[in-house]
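Student: I have a complex open on my screen and would like to go through it with you. Could we take it one question at a time?

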Amino acid sequence: MSNERHTIVVTVNGQRYAREVESRLLLSDFIRHDLLLAGTHVGCEHGVCGACTVQLDGLPVRSCLMFAAQADGHEIRTVEALASPQDEFHPLQQAMHDAHGLQCGYCTPGILMTMTAFLDAHPSPSEPGVREALSGNLCRCTGYQHIVDAVLLAAERMRGAR
Amino acid sequence: MTTRYFGAPVKRNEDRRLLTGQALFVDDVELPGLLHAALLRSQVAHARIKSIDVSAARQRPGVVAVYTAEDLGAYWQPGPLLVPPPPIAGIVFNQRCQVPLAKDKIRHVGEPVAIVIADSRYIAEDALADIVLDLEPLPVVVDLEKALKDNSARVHDDVRGNVAAHVRQTKGNYAQAAAKADHIIRRRFTYDHGASQPIETRGVVAKWDGRANQLTVWDTTQAPVFIRNGLAGMLGLSERQVRVIAPFVGGGFGPKIMMFYPEEVLVPWIAMQLDRPVKWIEDRLEHFFATSHERSQIHDAEIALTKDGRILGVRDVFLHDTGAYDPYGLTVPINSQCTLLGPYVIPHYDSTFTAVFTNLPIVTPYRGAGRQHGVFVIERLMDIAARELGIDRAEIRRLNLIPKDAFPYDNEIIYQDFAPLGYDSGDFEPILDKALAAIGYDEFVRGGQARLREQGRHVGIGVACYVEGTGIGPYEGAKVQVQANGKVSLATGIGTQGQGHFTSFAQIAADQLGVDVRNVDVVTGDTDQFYWGAGTFASRGAVVAGNAVNEASLVVRRKILKLASEHFECAEEDLEIANGEVSIVGVPGRSVRLGELAVKANPMRGAVKPGTEPGLEATAYFGPPGGTTAAGVHAMMIEVDPETLTLEILKYVVVHDCGTVINPLILAGQSHGGVAQGIGNAFYEHLMYDTQGQLLNASLADYLLPTALEVPRMILDHTVTPSPLNPLGIKGAGEAGAIPGGALFAQAIEDALGLAQKGVELREIPLSPNRLWELLNPDAAALGEASPS
């Protein structure tokens, strides 16, 4: 296997990082262990569970299905950037807290990064619409009901705030 | 005590850290000089090891060390027996525990053979490919019935017939009861429970500090105290030299209490050998083989009834697949054996099981822990009895429920906690009534279903009852301490994997100590914070640790009042604790903050009275005399597509009695999550092993965990029968949601498709569209099997 190295420049949560990485380094490992942003979790390493979801140029992607080198020149957002710098929750974080949308919390960062992007694109979602959007993220604790409630609650509050 | 939090839907204290990505999970531990481990795992299920050559792996740049069983020297030992067999007369138990690395022989796919330590996980995995393993394949033992034959290959060379255990338990005299029966039903049932698949896999990080002579281990375990004790013993250290931390753990559901997994034995030892910190994180593929799960039981069951539907007795003979080793003893099959009795009066019971070694991964408890299997058997027998006797299926259940004046109810056999299986309390009929009302049972069976059918819709209902023995001993403890800043610190020894302990325990303490629930800082799963405990299993955290928290808080409350009464020179009865301070009732302005009292309780100079203990602190322990029995009824309405045999859940009802409720929000979450796992087990998840012991669907793309589209919105309701076995009246609730799913699906699908009229009975779990098609088209299915395709 070629272990060629690449110099990449990525912007993560507004901060620019220039790093040298191996070709094969997964974006998830780069974010977690090189940049030490451990809020992004890895659940399956084959793109099914969605725990490692981050936003790449505003869209949710699975960071375990990308190489760090492929992120060169792109902008990434992780769960650490969701709350305001004053530590104020994003409306979906607040709604997840209010509706008990998390138990062990391991899948939660991926769900937040998937569903905040969904809410940006769908300000008035239906329950089936929320379930469809959520169906790419596995949660083994909650049975999803409280997560669905949280997303609908966040949508309502975000509409009210507009 | 003024109750402000107990029983209220308090939002969770732990959420902020989890929602902002700041919670520490094991793989988040980064240490200077950290090395990474990868394990070479067997790709075959049964083989003799002829040779292992790791020399090329050792040469690879970046590799620090490679170990085989040989290299472990005297440290290589089979794992300890975690749960010894219960004291049942005539029991046979052959203890064969897992080993850290296979030596001489491999007994299941995924069993580790060598471990590589390298500068990165990537290099460690590269080096696995450098290892040359020469194996002599052996015949593979997979089929439970064939395994018992004399001529079968043996998983353990010295265990004839692959019998891991043989247990018979009886109540009354079944043969005599059956002789008087009007009606006897005999059937074979197979129930296959799957893998827990927490979204966080397992992981271990270990660091040896030579200066402090201390080992620190971060482990995704449900039982950190026992991991510490075991590691200390294995490594020749005192318990005090070992600190085990189970930080935030991303779901457990049972398999994370198995011990010792090979990696838990290897990683700490290697960290000491190399004097470097070492991390191992399981990947998802490994998880399918390296983490225990549950599997199959085959039951040959018989029920004896009167013609009006009363149960006279049940006889059951079953086989239980325990996998290649049996370190968890008999917990799973004993649970099946006991839970089969359910909420019913079964005067005579004769149950025998044989646990069988196979060349498959180890079976240990997974949420429900064998209870599903037993519930499936009795609930299916009830359905068949209802049909054959012409009695409504809800009514035959009602007829046989243990009446509320019969508690405590003695089932006379021995449960998993070694105590007699007694039901401490309960009132089952209202649970059934509520479930039937919520699902609309009467309307449905009296015309609703027929009307839907006329519209071409295949809709059916399932109703299933269960009990769950929860909150078993031995004990848990808690330490409660008022800090100088007025906050309360609370530590307990159990691990937590999402159950909301940081909040429910805080609720209990906050009420006793008059502080804001957010000002109770809970620590779980750190052996340096709390020394004693057993662990999180058997739906026992809230019951056992919760009551310990209450006891410790009560002692601290008394200390606060005593000190405050000295401070104010008044009687304790004149004092009240609220809002973080103690004040004199009816005297505005006379109050003292708890933090100030905490400082006073630790004077720096002067003499104290004899017997004085410093601080506002107490440690207390709680051990119940036996388990407390929770009960419930689930009801489900489904619509089946008769062409594709896919189904949609139209309505799902959970009515549950888990005694006094600490936090209804957390309880709802536990119920929802349990039901989702029950649905997965019943219709989506199936560990598909072939005859060579190979798992054919070892990925989350093929092993189907339910998503938000498969799990419906649920309707929850409760009844409350407080447990008399603990002061708070709590019963456990963690596993219940997952227990009746299989029974519910089989009944509802039969009902929707009118299978009784077609002479088809669903006597197995998991089901799936494919499997249903095979059962409905046996001739075509047999043809498919015979053709070479």
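Tutor: Gladly! Let us begin with a definition: two residues are in contact if their C-beta atoms, placed from the backbone, lie within 7 Å. Keep in mind that this is a predicted model.

Student: What share of the contacts in chain B with a separation of 6 or more comes from residues 24 or more positions apart?

Tutor: Take the contacts in chain B with a separation of 6 or more, and ask which of them link residues 24 or more positions apart. Their share is 80%.

Student: How confident is the predictor, and what is the mean pLDDT of chain B?

Tutor: For the complex, the predictor gives an ipTM of 0.98 and a pTM of 0.97. In chain B, 99% of the residues reach a pLDDT of 70 or more. The mean pLDDT of chain B is 96.

Student: Which radius of gyration does chain B have, and why does it agree with a compact globule?

Tutor: The C-alpha atoms of chain B fill a box of roughly 90 × 75 × 50 Å along the principal axes, and 56% of its 789 residues are buried. A compact globule with 789 residues would have a radius of gyration near 28 Å, so the value for chain B agrees with it: 28 Å.

Student: How many helices and strands does chain B have?

Tutor: Both kinds of element are counted along chain B.

Student: Is strand β21 of chain B mostly covered or mostly open, and how many of its residues are buried?

Tutor: Strand β21(B) spans residues 488-492. A residue is buried if 20 or more other C-beta atoms lie within 10 Å of its own. By that rule β21(B) is mostly covered, and the number of buried residues among its five is four.

Student: Which residue in the turn between β20(B) and β21(B) has a positive phi?

Tutor: β20(B), residues 476-482, runs antiparallel to β21(B) and is joined to it by five bridges. Val482(B) has Val488(B) as its bridge partner. The two strands form a hairpin with five residues between them, and the turn residue with a positive phi, about 90°, is Gly486(B).

Student: Which element gives the most to the side of chain B that touches chain A?

Tutor: The contact takes 42 residues from chain B and 43 residues from chain A. On the chain B side, the elements that give two or more residues are α1 (15-19) and α17 (664-684). With seven residues, the one that gives the most is α17(B).

Student: Within chain A, which strand gives the most to the side of domain 1 that touches domain 2?

Tutor: The domain assignment gives domain 1 (5-81) and domain 2 (91-161) of chain A, and their C-alpha centres lie 22 Å apart. Across the boundary, 15 residues of domain 1 are in contact with eleven residues of domain 2. β3 (53-56) and β4 (59-62) of chain A each supply at least two residues of the domain 1 side. The strand that gives the most, with three residues, is β3(A).

Terms used
Residues numbered from 1 in each chain as written. Chains lettered and ligands numbered in written order. Predicted model: local features only at pLDDT ≥ 70, side-chain atom pairs only at ≥ 80, totals over all residues. Rg over C-alpha atoms; globule rule 2.2 N^0.38 Å. Buried ≥ 20, exposed ≤ 12 C-beta atoms within 10 Å, placed from the backbone. Pairing = 2+ DSSP bridges. pLDDT = per-residue confidence, 0-100. Domains from an automatic or database assignment.
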